[in-house]
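Visitor: I would like to go through this structure and ask what lies behind the terms used for it. Please show it to me.

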Amino acid sequence: MNKIKITQVKSTIGRPENQKRSMQALGLKKIHQTVEQNPTPQILGIVDKVKHLITVEEV
């Protein structure tokens, strides 16, 4: 199974609380922080909700 690399590119300041919690669920706390996740349906759903704050690449 491939992994996806998720990088935060925009701040969560001034964003709704559900978007902040989604970023925390992905493991992102700071701008330019990168995490690798397995592309499960749950993770892909979170990624879809905050796609304007992150970039996603396949590894």
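Visitor: Why is Thr40 called partly exposed?

Guide: Thr40 has a relative accessible area of 26%. Buried means under 20% relative accessible area, exposed means over 50%, and partly exposed is in between, with a 1.4 Å probe and protein chains only. Thr40 is therefore partly exposed. Its place is in the loop between β2 (34-37) and α2. The C-alpha atoms of Thr40 and Lys3 are separated by 9.5 Å, and the two are 37 residues apart along the chain.

Visitor: What kind of model is this, and how are residues numbered?

Guide: This is a predicted model, with residues numbered from 1 along each chain as its sequence is written. Local features need pLDDT of at least 70 and side-chain atom pairs count only at pLDDT 80 or more, while totals for chains, interfaces and linings use all residues; side-chain values use heavy atoms, with hydrogens and water left out.

Visitor: Which elements does the protein have, and in what order do they run?

Guide: There are two helices and three strands. From the N terminus on, the elements run β-α-β-α-β. Helices (H or I, at least four residues) and strands (E, at least two) are DSSP runs, numbered from the N terminus.

Visitor: How do you know that the radius of gyration agrees with a compact globule?

Guide: The globule rule is 2.2 Å times the number of residues to the power 0.38, and the radius of gyration is taken over C-alpha atoms. For 59 residues a compact globule would have a radius near 10 Å; the protein has 11 Å, so the value agrees. The C-alpha trace spans about 35 × 20 × 15 Å along its principal axes.

Visitor: What makes up the largest nonpolar core?

Guide: The largest nonpolar core has 11 residues: Ile4, Ile6, Met23, Leu26, Leu28, Val35, Ile43, Val47, Val50, Leu53 and Ile54. At least two residues of this core come from each of β1 (4-8), α1 (17-26) and α2 (41-49). A nonpolar core is a set of buried Ala, Val, Leu, Ile, Met, Phe, Trp, Tyr and Cys residues joined through side-chain atoms within 4.5 Å.

Visitor: What does Leu28 touch, beyond its neighbours within four places in sequence?

Guide: Leu28 is in contact with Ile6, Gln8, Met23, Gln33, Val35 and Ile54. Contact means heavy atoms within 4.5 Å.

Visitor: Why does Gln19 count as buried?

Guide: Gln19 has 16% relative accessibility, so Gln19 counts as buried. Gln19 lies in helix α1. Leaving aside neighbours within four places in sequence, Gln19 is in contact with Val50, His52 and Leu53.

Visitor: Is Ser22 buried or exposed?

Guide: Ser22 has a relative accessible area of 15%, and therefore is buried. Ser22 is also found in helix α1. Not counting residues up to four places away in sequence, Ser22 touches Ile46 and Val50.

Visitor: What makes Lys5 partly exposed?

Guide: The relative accessible area of Lys5 is 28%, so Lys5 is partly exposed. Lys5 is in strand β1. Beyond neighbours within four places in sequence, Lys5 is in contact with Thr34, Val35, Glu36, Thr55, Val56, Glu57 and Val59. Of these, Thr34 is 29 residues apart from Lys5 in sequence and 6.7 Å apart in space, C-alpha to C-alpha.

Visitor: Where is His32, and why does it count as exposed?

Guide: His32 is found in the loop between α1 and β2. At 63% relative accessibility, His32 therefore counts as exposed. His32 has a positive phi of about 70° although it is not a glycine.

Visitor: Which residues does Gln37 contact, leaving aside neighbours within four places in sequence?

Guide: Gln37, in strand β2, is in contact with Lys3, Ile4, Ile6, Leu26 and Ile43.

Visitor: How many positive and negative side chains does the protein have?

Guide: The protein has 10 positive and 5 negative side chains, and the centres of the two sets lie 8 Å apart. Lys and Arg count as positive and Asp and Glu as negative; His and the chain ends are not counted. The place of a charge is taken as NZ of Lys, CZ of Arg, CG of Asp or CD of Glu.
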